[in-house]
Amino acid sequence: MKILMISLNFVFTLFTVLGLNSDQSLPLSTHGDPDVFFRFKNLLVSIREQTLEPEAAREEFKSIMREVRQAYPAPAELKGSEGIVFPLAGSNYTAVGGGGTGYRDVGFDLFDHTVSGSHPAHDIFILDRNYDCVDDRKNKYIDIVSVGNGIVLATEKNWQDTSSYRGGNYVWVYDFERGGLWYYAHHRKVVVEPGQIVAPGDKLGEVGRTGFNAINKRSDTHLHLMFLALEEDLLPCPVNHFAWLKQAKTVELSSSPQYGPRIKWTANSLKKPSTRLLKSRFTTMTINYKKKKPSYRKV
């Protein structure tokens, strides 16, 4: 019996290690609600297709954000521009449309798709005279990078030019330090998945023209970037982040995320060398934010 128990323990340990190595497991990928990424994407689709009343959408959003906050409590260490990089590789704040005057948050309502007219975001442009998504000055596609440390909550990769929705291919990222959400829209292509951990300078996708309005030739090729802070009741509040972009560092070359996306759920956490301890009711574990340093240049 003793030999049998030892053998079973060995097999269990072996499967645990193998499972962890294949999953690159992290909070929300381990002990959180296994449907949190599906729920967030489903919420976005339901709002867009108007199959969910705004009040019900608000409650679902708060429930999802509660899960995320419990797994990744904001340390209240970084504010504003501290620690962020500019969202387009090789670019800086001079690429922001209208010198930052394009931001309009009056009337914004994330949960009511019938509301329009607000623009609580900044459009960041590339030079693309023939609308092929290639930057004319650099003769290449331009990478969209994560401005900070976070986890990818939702993506859209399959937008078609017959689709009527506005954002096209997009990425939503929960920002660990600021405790809010970044929304990157109009990608030519998206290269990350829900559940993937990203650091400043990690590639999310490439600048494109996807989206109902962005595809029209009256619109120049750009990234639509929005930041939503979370109020005490966990409802989103848009923030004019132009001042942050003016202070952001420029990444010349994007990097690849260190952790792969969540593949399956597991009851164990992956131990990694760490510089920061994250605590939650689901798990106590560590994350290594000390990645290879991106290439910066002064702007």
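The model is predicted: local features need pLDDT of at least 70, side-chain atom pairs count only at pLDDT 80 or more, and totals for chains, interfaces and linings use all residues. Residues are numbered from 1 along each chain as its sequence is written, and side-chain values use heavy atoms, with hydrogens and water left out.

## Overall composition

The protein chain has four helices and 13 strands; these elements are DSSP runs numbered from the N terminus, with helices being H or I of at least four residues and strands being E of at least two. Of its 299 residues, 52% are buried, where buried means under 20% relative accessible area, exposed means over 50%, and partly exposed lies in between (1.4 Å probe, protein chains only). Among contacts (heavy atoms within 4.5 Å) with a separation of 6 or more, 71% join residues 24 or more positions apart.

Helix α2 comprises the 13 residues 36-48. At 1.5 Å a residue, α2 should span 18 Å, and the 19 Å between its end C-alpha atoms agrees with this; the expected span is 1.5 Å times one less than the number of residues.

In α2 the buried residues are V36, F37, R39, F40, L43, L44, V45, S46 and I47. They pack against α3 (54-71), β3 (150-155), β4 (169-175) and β5 (181-190). The buried residues of α3 are A57, F61, K62, I64, M65, E67, V68 and A71. Their packing partners are α2, β3, β4, β5, β8 (222-230) and β9 (236-238).

The two helices pack at an angle of about 155°, with their axes 10 Å apart. Axes are lines fitted to C-alpha atoms, for helices over the stretch in contact, and angles run from 0 to 180 degrees between N-to-C directions. Helices α2 and α3 are therefore roughly antiparallel to each other; angles over 145 degrees count as roughly antiparallel, under 35 as roughly parallel, 65 to 115 as roughly perpendicular and the rest as oblique. The crossing of α2 and α3 is left-handed, a term for a near helix turned anticlockwise from the far one by less than a right angle, with clockwise giving right-handed. On the α2 side, the contact is made by V36, R39, F40, L43 and I47, and on the α3 side by A57, E60, F61, S63, I64, M65, E67 and V68. These contact residues divide into nine nonpolar, one polar and three charged, with Ala, Val, Leu, Ile, Met, Phe, Trp, Tyr, Cys and Pro counted as nonpolar, Asp, Glu, Lys and Arg as charged, and the others, Gly among them, as polar.

## Loop and strand residues

Just after α2, Q50 takes a positive phi of about 55°. E49 is placed in the loop between α2 and α3. Two further residues have positive phi values without being glycine. N139, with phi of about 55°, lies in the loop between β1 (122-125) and β2 (143-145). L234, with phi near 70°, is in the loop between β8 and β9. D233 is also placed in the loop between β8 and β9. T155 belongs to strand β3.

The table gives the accessibility of these residues.

| Residue | Relative accessible area | Class |
|---|---|---|
| E49 | 48% | partly exposed |
| N139 | 64% | exposed |
| T155 | 9% | buried |
| D233 | 41% | partly exposed |
| L234 | 11% | buried |

Several of these residues are also described by C-alpha separations. E49 and Y165 are 116 residues apart in sequence, with 8.9 Å between their C-alpha atoms. For D233 and R66, 167 residues apart along the chain, the C-alpha separation is 9.6 Å. T155 and Y184 lie 29 residues apart in sequence and 9.5 Å apart in space, C-alpha to C-alpha. Leaving aside neighbours within four places in sequence, T155 is in contact with K41, Y170, V171, V190, V192, E193 and P194.
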